[in-house]
Amino acid sequence: GVSLSEIISAAQGHLPDSITLKDVADFVVATRTGGANLLGVLHSLGYTRGMLEALNFSEGKRVASMLSYAVRGDTPTPAAVPAPLTASERAWVQWRVSMLSGHIRLMAPLAKPLMLYAKAENAPPLWLVTAGPVVVLAMGTAAIMAWTKYRQ
């Protein structure tokens with residue numbers, strides 16, 4: 001599972017403490033193997049990110065657009081023009097990005113108290129976190145209905 005410290009790092013836009021310098025070095029070496037210049041592409045993406053931020057293009061839209069191209073995959077012989085994503089593929093990409101973003105936004109405020117008071121290391125399942133507000137809402141509705149019926 002995902003650790004709470006990784007969620008906090010993701011919410012702050014930083015690499016988590018679990019990523020070591022060796023992990024970064026291994027990633028850089030892997031991007032240079034096979035003649036592919038992925039490192040150059042990533043460097044260009046840094047420039048692109050800066051330009052898009054200057055244009056107030058949201059981080060979520062930027063990640064969603066990059067993910068939509070990544071989902072298209074990599075073939076041994078690149079296609080002249082990439083095939084556009086179907087509506088269902090676009091919806092699936094948007095759903096996955098929204099779920100990840102929502103999970104990070106939902107868990108980030110809870111991560112520090114869980115680590116401090118509950119001594120938790122891993123994030124609880126999303127269903128458990130979302131069940132709390134649903135139960136509170138149901139109990140509040142039941143209380144209002146009982147109070148209304150009692151007043152009559």
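**Exercise 1. Find the helix that holds Leu21, and decide whether this residue is buried or exposed.**

*Solution.* Start with the helix: Leu21 sits in H2, which covers residues 21-32. Helices here are DSSP runs of H or I with at least four residues, and strands are runs of E with at least two, numbered from the N terminus. Next, look at the accessible area. Leu21 has a relative accessible area of 71%, so it is exposed (buried means under 20%, exposed over 50%, partly exposed in between, with a 1.4 Å probe and protein chains only).

A word on the model: it is predicted, so local features need pLDDT of at least 70 and side-chain atom pairs count only at pLDDT 80 or more, while totals for chains, interfaces and linings use all residues. Residues are numbered from 1 along each chain as its sequence is written, and side-chain values use heavy atoms, without hydrogens and water.

**Exercise 2. Describe the chain as a whole: how many helices and strands are there?**

*Solution.* First count the elements: the chain has six helices and zero strands. Then read along the sequence, which gives the pattern α-α-α-α-α-α. Finally, check burial: 11% of the 152 residues count as buried.

**Exercise 3. Describe the largest pocket: how much space lies in it, and which residues are closest to its centre?**

*Solution.* Begin with the volume, which is about 770 Å³ (the space filled by probe spheres set on grid points joined across faces, edges and corners). A pocket is an open set of points on a 1 Å grid over the protein atoms alone, where a 1.4 Å probe fits, with protein on both sides within 12 Å along at least five of seven lines; lining residues have an atom within 4 Å of a point. Of the 20 lining residues, Ala10, Glu59, Val63, Leu100 and Ile104 are closest to the centre. Now turn to the elements: H1 (4-12), H4 (59-71) and H5 (87-117) each give two or more residues to the lining. The largest share, seven residues, comes from H4.

**Exercise 4. Compare two loop residues, Lys119 and Pro125: where is each one placed?**

*Solution.* Lys119 lies in the loop between H5 and H6, and Pro125 is in the loop between H5 and H6 (126-151) too. Lys119 is exposed because its relative accessible area is 63%. Pro125, at 39%, is partly exposed. Now check the backbone: Lys119 has a positive phi of about 55°, although it is not a glycine. Last, look across the chain: Pro125 and Gly1 are 124 residues apart in sequence, and their C-alpha atoms are 8.8 Å apart in space.
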